[in-house]
Amino acid sequence: MYYLYLITSLRGRAGFGITSDYKERNQQYASHSGDIVKFSYIYGGLSTHAKTVESTIKRQYIDNIWMVDDWKTEWLKDGISMSDLKSYVDDLVNNRHYRIQVVAEDYDFTQGMLDNNQ
Amino acid sequence: MAFDLKYEAVRRIPNPMVKINPMKNGTGKIVNLQDRVDKLNKNAAWKKTIKTWVEAGKTVEVDRIPKWILEELGLLNIAEDVQRELDEKHCANRIAPVGVFDPALMQPALCIKTSKGKYISINSQHTVSTIAGLIDAGLVPGVTDWRKFKFPFYYVETDSLAFARRAFGIFNGKGSKKQSQYMQLRNAVYIVRIDKETSDPDEVAKERKVSIAEKHECFPVELNSDFIKYPGTFTNISTFEGLTDDEIDMSCAWHNKYFHYEGVHVSLFFIYRDFVRKFKPAKCKVTPQLEEELAALIQNLFGSLSQFAESCKKVWRLYTDAKFGYEDDWNDDIYAEALLQLYKKFGGAEKIPKAILDTHDDLVEFFDDDILNLADNNVLSVSNN
């Protein structure tokens, strides 16, 4: 199982990423930001499909990516909400038949590993 | 075991590239230099550079800008330890051929002028040697002595050969922005499409290849351009140009039929190159059924051809490490070999050339377990809905 997560920063910016270990990744965000950070949604499924969705966001959703000079971040620019991102990802998954699905919502590492997707 | 992966159709939406394809027509737009200055002034990297100038208290030394003059070719000297040896074949076969040579394309002689008034070439010796040779051969009407022929010199006043050496390096690559593969292709296409000039068979062939790709809504675009977000775009121009018309037609048709919503990954071109070149000698055919089943395999196991390609790179590293004890360099043949071995592992029944299947005969076993388990379990573990 591999994961695509949608993250909300402490000031409300939406972002995304992929990982094989969502608990450790979430803990890293907490370590860097000095606070608990929520993965608003975690999608689980085939690693190849999770990676395909992530690379599609980076390539085809590029107009909504937060750019710092020429650096393309894995965060969305101001005005693009978590709801927008979730809707975009759901459309991708449903329309293109990617084999990942939401396995957790509002997750942070204090919840540990979730039973239903280990 | 029967092959039972199914390709699921993806709703097609109109591709904006059909209308905005920069290869289709030139914009006809001509801007003045102010447009470029405005762009620079908005650019973050440019702003940083200007800031370093200001902080260093530096300004441009106008006197150092090169000067130009029409001067007799006989005054030009060539320092052999600054420039390369003359490549006579380059003059004969690249610059001077009767159907190629155009005086309007000659560059000025780039040189230094020493304090003793001596001109020493720092670039373009092949150009000046060629024109001098053509005069010497009596091919320039009204000019009998190349030594007296006045030619544009573009020079910097200095006695420093170190400057000349450095300048030669800069003019020949280091420091100059080379024309990209895409720009060269676009120029060829524009010459045929916009200028209606079809005398160069190479340009005509390039335009034809681009037309074949466009027929299937596949579009060459510049690396890192804004166009790469659109489906059907690709940036690996040299691989594209190396394909035959048939290979482009088949690969782009497959992409447009099954993965019209994605960018074109370069592995597609290598895969179809090998299909076309290796199926025929083995008396095998790339059948519609094979193409559909391969699309089903890519869609179900990898989601996209780019992810398949990434998996192949990992497979090759693991395979060569296990077989040879080290990670061998990447080999583009692996895309087709790995794809067709996977096809067989999942029960594909179409006839496949042994030359593809057997070259690295157990590559397939090095794919990730979550992929291989799907073949063993014959089931996809995560439902889409």
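Q: What does helix α6 of chain B lie across?
A: Helix α6 (residues 161–171) of chain B lies across β3 (109–113) and β4 of chain B. Its direction is about 30 degrees to β4(B). Axes here are lines fitted to C-alpha atoms, for helices over the stretch in contact, with angles from 0 to 180 degrees between N-to-C directions. Contact means C-beta atoms, placed from the backbone, within 7 Å. Helices (H or I, at least four residues) and strands (E, at least two) are DSSP runs, numbered from the N terminus.

Q: Before we go on, where do the model and the numbering come from?
A: The model is predicted: local features need pLDDT of at least 70 and side-chain atom pairs count only at pLDDT 80 or more, while totals for chains, interfaces and linings use all residues. Residues are numbered from 1 along each chain as its sequence is written, and chains are lettered from A and ligands numbered from 1 in the order in which they are written.

Q: OK, back to the strands. What's the strand order in that open sheet of chain B?
A: The order is β1-β5-β3-β4-β2 (chain B), five strands with mixed pairing. Two strands pair if DSSP finds at least two bridges between them.

Q: Which strands are at the edges?
A: β1 (67–72) and β2 (76–78) of chain B, each pairing on one side only. On average, neighbouring strands of the sheet are turned by 50 degrees against each other, direction ignored.

Q: And β2(B) with β4, parallel or antiparallel?
A: Parallel: β2(B) and β4 (residues 119–123) of chain B pair over three bridges. In that pairing I78(B) sits opposite S121(B) of β4(B).

Q: Zooming out, how is chain B divided?
A: Into domain 1 (1–32 + 218–385) and domain 2 (62–159); the bounds come from an automatic or database domain assignment. Taken over C-alpha atoms, the centres of the two domains of chain B are 50 Å apart.

Q: How many helices and strands does chain B have?
A: Chain B has 16 helices and seven strands.

Notes. Contact = placed C-beta atoms within 7 Å.
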